[in-house]
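Please open the model in your viewer and keep the sequence panel beside it. The tour below moves from one selection to the next and says what is there at each stop.

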Amino acid sequence: MSYDNATLKSAIETVYAADKVVSAVCHGPMALPQCNKPDGTPLVQGKVVAAFKDSEEVAVALQDKVPFMLESKMKELGAKYECADDWHSKCAVDGKLVTGQNPQSSEACAAA
């Protein structure tokens with residue numbers, strides 16, 4: 001399974017470059033590691049982000065089904081990863097980038 005998708009990458013990068021909101025919750029941030037800022041650096045580098053925690057992935061026994069563990073990948077790319085306890089809401093807002101940790105974060109992200 002791969003979340004590399006040229007069409008989605010282009011859409012996210014275009015929206016971000018136009019200073020419009022880019023938002024993803026739970027496993028949705030899987031689309032972000034393939035994306036870059038206009039200067040060529042990873043979109044999430046230096047950004048505060050939330051996404052499905054590695055421990056949540058293990059809890060649902062899907063760690064071997066996903067292409068990468070989101071928490072680890074975000075940190076690897078230089079993101080400032082923030083989280084709440086497992087299964088609790090966490091919304092991270094950094095400029096026009098809005099991300100949420102899990103389904104419980106959907107309402108907070110929508111309100112952001």
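Is E57 buried or exposed? Select E57 and show the surface around it: E57 is buried, with a relative accessible area of 1%, where buried means under 20% relative accessible area, exposed means over 50% and partly exposed lies in between, with a 1.4 Å probe and protein chains only. Before going on, note that this is a predicted model, in which local features need pLDDT of at least 70 and side-chain atom pairs count only at pLDDT 80 or more, while totals for chains, interfaces and linings use all residues. Residues are numbered from 1 along each chain as its sequence is written, and side-chain values use heavy atoms, with hydrogens and water left out.

**Around E57**

With E57 still selected, colour by secondary structure, and you will find E57 in helix α2; helices (H or I, at least four residues) and strands (E, at least two) are DSSP runs, numbered from the N terminus. Leaving out residues up to four places away in sequence, E57 touches H27, F52, L62, Q63, V66 and M69, a contact being heavy atoms within 4.5 Å.

**The whole chain**

Now zoom out to the protein chain, whose secondary structure comes to 4 helices and 5 strands, and follow the elements from the N terminus in the order α-β-β-α-α-β-β-β-α. The C-alpha atoms fill a box of roughly 35 × 30 × 20 Å along the principal axes. For 112 residues a compact globule would have a radius of gyration near 13 Å, and the protein chain, with 13 Å, agrees with this; the radius is taken over C-alpha atoms, and the globule rule is 2.2 Å times the number of residues to the power 0.38. Of the 112 residues, 40% are buried, and among contacts with a separation of 6 or more, 58% are between residues 24 or more positions apart.

**The sheet**

Select β1, β5 and β4 next, since these 3 strands form an open sheet in the order β1-β5-β4 with mixed pairing, two strands being paired if DSSP finds at least two bridges between them. β1 (22–25) and β4 (91–94) stand at the edges with a single partner strand each, so one side of each is left without a neighbour in the sheet. Neighbouring strands here are turned by 10° against each other on average, direction ignored, with axes as lines fitted to C-alpha atoms, for helices over the stretch in contact, and angles running from 0 to 180 degrees between N-to-C directions.

Which way does each pair run? β1 and β5 (residues 97–100) run parallel and are joined by 4 bridges; within this pair, A24 has T99 as its bridge partner, and S23 stands opposite V98. β4 and β5 run antiparallel, again with 4 bridges, and here the bridge partner of V93 is V98. Between β4 and β5 lies a hairpin with 2 residues between the strands, where G95 takes a positive phi near 65°.

Show the side chains of β1 as well: V22 and A24 are on its covered face, whereas S23 and V25 are on the uncovered one. In a regular strand the side chains alternate between the two faces of the sheet.

**Two loop residues with positive phi**

Most residues other than glycine have a negative phi. Go to C26, in the loop between β1 and β2 (48–49), where phi is near 65° and the residue is buried, with a relative accessible area of 13%. Then move to A61, in the loop between α2 (54–59) and α3 (70–76), whose phi is also positive, near 55°, but which is exposed, with a relative accessible area of 55%.

**Last stops**

Select E82 in the loop between β3 (80–81) and β4, a residue that counts as partly exposed at 33% relative accessibility. Apart from its neighbours within four places in sequence, E82 is in contact with V48, V49, A50 and K90.

Finish at F68, where K73 lies over the face of the ring, at 5.3 Å from the ring centre; a charge sits over a ring if NZ of Lys or CZ of Arg is within 6 Å of the ring centre and within 35 degrees of the ring normal.
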